[in-house]
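Hi,

Here is the structure I promised to pass on.

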Amino acid sequence: MSTHLTNDRQRISVLFFLLFSFLCYSFYLYYYLPVKSISQNPEAATGKLSWQKYNCNACHQIYGLGGYLGPDLTNVYSKRGADYIKAFLKNGTSIMPAFHLTEQETKDLVSFLKDIDASGSSDPKTFTSRYDGTIKQQ
Amino acid sequence: MTEPLNSNKLNTSKLFIISGLLLLITGMLFGLTGALQYLVPGFLKDHLSFEIIRPLHVSSVIFWIILAAMGTVLIYLQQYTKRKLYSPLLLKVQYLLFAISICAILISYCAHLFGGREYWEFHPAFAIPIATGWILFIINFIKSLGGFRNQPVYVWMWLTGLAFFLFTFAESYLWIFPYFRNNIANDMTIQWKSYGSMVGSWNMLIYGSSIYLMEKISGVKKYSRSPIAFALYFTGLFNLMFNWGHHIYTLPTYAFVKHIGYAVSMTELFILGRIIWQWRSTLSTAQKHYHHNTYRLLLAADIWVFLTLILAIIMSVPAINLYTHGTHITVAHTMGATIGINSFLLLAFAFDILQETCFTSPGYSKWFNRGFITVNISLFVFWISLITAGILKAKWQMAETGIPFSYMMKQLSPYFMVFFISGFIMACEFVILIYPLLKNQLLCYFKYLGKKDKIKYAEPNEYFAELNLVKNSG
């Protein structure tokens with residue numbers, strides 16, 4: 001250690017190596033996005049913007065990321081169905097306000113949740129652990 | 001006569017810190033309201049429901065961190081270079097851009113106007129003045145620095161923080177292009193890539209400042225140019241760039257992203273090992289400087305770095321993350337890092353900078369002692385209550401019993417009660433710590449205005465006398 005990182009030349013070499021790796025990694029991910037098919041149902045696409053417009057993420061999670069006041073909604077579509085979601089969106093709950101959405105907004109949000117549901121499962125019970133600490137979905 | 005760097009004048013750099021402190025108080029107020037909504041379902045549901053309160057809390061706290069970090073870096077940069085900033089005008093424009101945007105963002109939340117994503121819930125249009133303000137910050141910093149050769153590690157850290165915040169902030173807005181947002185896995189992969197690195201970027205500004213401050217207190221300037229300082233800096237940078245995959249282990253994204261995240265996160269064991277190795281010398285330094293308010297805050301942050309790092313490393317193991325992900329253990333980690341590390345360090349800088357010219361009243365140290373101990377104890381209780389709630393939620397997530405979400409949340413209410421009470425005590429004590437600092441700053445400023453004709457800059461005071469004693473003994 002005493003002979004390493006003692007001058008600017010060594011430090012800049014390490015910095016450039018890290019920066020180059022970071023930029024390659026970033027642009028690889030931008031170019032080769034994890035899911036290739038980028039065509040989306042237009043209703044679901046608008047539904048995503050409604051999800052952001054009403055800040056649903058403040059209380060709800062998708063794949064375990066988001067707020068903690070309400071339940072994770074990744075697979076609510078397959079577990080409860082469209083009517084259940086519509087009823088909640090229309091009436092709210094003792095905690096969640098009724099957002100007075102238009103009929104189209106409700107349809108868009110349901111489509112968005114259907115789209116998310118089709119992308120995979122967020123249930124931790126569907127994963128198994130491996131000896132090296134990594135996990136695999138069954 | 002040119003104005004010295006430490007003057008009683010309420011300059012723009014100090015305004016960043018003062019505005020940050022006001023945002024911290026605002027953020028705690030919104031945080032307590034949000035915690036109350038966990039305890040009393042439906043509380044303020046019709047006017048300030050949780051989807052409004054949460055972004056008010058999160059944005060206030062994030063902007064406290066960003067404003068205070070910017071102000072600190074700008075002031076320490078002037079102390080380091082022993083020169084004034086390149087352009088006070090750019091600084092004023094930068095301050096105005098941030099101040100106006102933050103006020104507008106908080107007002108827009110109250111008016112139910114969102115449109116962004118988690119942590120940056122405001123309308124994307126507000127990102128433009130924020131990014132512009134940051135670019136002005138970068139220009140002023142680089143021009144004031146003068147050169148890049150043979151700089152200490154904290155200057156490297158500041159430059160890294162400056163560059164990476166801009167990059168990751170821009171990256172976090174890639175979602176505005178349908179190409180990135182049209183699939184949830186793609187969208188969330190890029191979102192958490194940017195967020196993971198963004199937190200690392202403001203940490204670079206804060207940790208860099210803490211190294212500068214530590215050297216200023218001890219008077220020993222060797223560490224910031226040592227190989228170990230640079231080795232730790234590069235470990236931090238490596239994590240900033242590549243460890244973000246640990247946020248998305250359950251997301252259907254590339255497996256290699258998760259493996260890289262896992263492997264890189266484990267290099268934090270090197271930092272943890274270093275903390276344990278240094279423990280004895282940290283304790284002896286602590287005994288030497290413990291009477292120093294600023295140092296005590298740095299020491300508390302050190303302890304919270306240790307606790308938060310252990311939790312972070314544990315949570316970064318995918319097999320364990322499976323249990324902790326989506327539970328309040330993640331919140332405990334965030335709160336430990338934001339309050340215990342970031343806020344304590346930023347408060348240490350605020351005390352160092354604001355007390356230098358406007359010394360607080362002699363009776364203040366008694367208040368400080370009490371506040372400091374109470375804040376730490378209440379933060380620890382707050383942290384444990386979240387971890388306990390998280391463990392119970394993890395058990396519920398993994399159980400096959402089919403207990404409804406609302407019922408599980410009801411079972412957690414005793415822990416939320418402890419969380420609220422400890423949070424309330426902590427917030428009150430934080431205000432007790434901050435209030436005299438803000439009050440004295442304003443009083444000092446008005447005194448300065450009154451004596452503007454015969455200005456006496458930075459009189460030697462108890463603080464400097466104390467600082468000299470520390471330096472001599474070191």
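Below is what I found, starting with how to read the model.

This is a predicted model, where local features need pLDDT of at least 70, side-chain atom pairs count only at pLDDT 80 or more, and totals for chains, interfaces and linings use all residues. Residues are numbered from 1 along each chain as its sequence is written, while chains are lettered from A and ligands numbered from 1 in the order in which they are written.

Chain A first: its domain assignment (bounds come from an automatic or database assignment) gives domain 1 (1–34) and domain 2 (42–127). Taken over C-alpha atoms, their centres sit 40 Å apart.

Now for where the chains meet. Chain B brings 59 residues to the contact and chain A brings 52; two residues are in contact if their C-beta atoms, placed from the backbone, lie within 7 Å. On the chain B side, helix 8 gives the most, with 9 residues (helices are DSSP runs of H or I, at least four residues, numbered from the N terminus). That side divides into 33 nonpolar, 16 polar and 10 charged residues. Nonpolar means Ala, Val, Leu, Ile, Met, Phe, Trp, Tyr, Cys and Pro, charged means Asp, Glu, Lys and Arg, and the others, Gly among them, are polar.

One helix pair inside chain B is worth a look too. In helix 7 of chain B, Ser210(B), Leu213(B), Met214(B) and Ile217(B) meet Thr294(B), Tyr295(B) and Leu298(B) in helix 12 of chain B. This contact has 5 nonpolar residues, 2 polar and no charged.

Cheers

Definitions and conventions
Helices (H or I, at least four residues) and strands (E, at least two) are DSSP runs, numbered from the N terminus.
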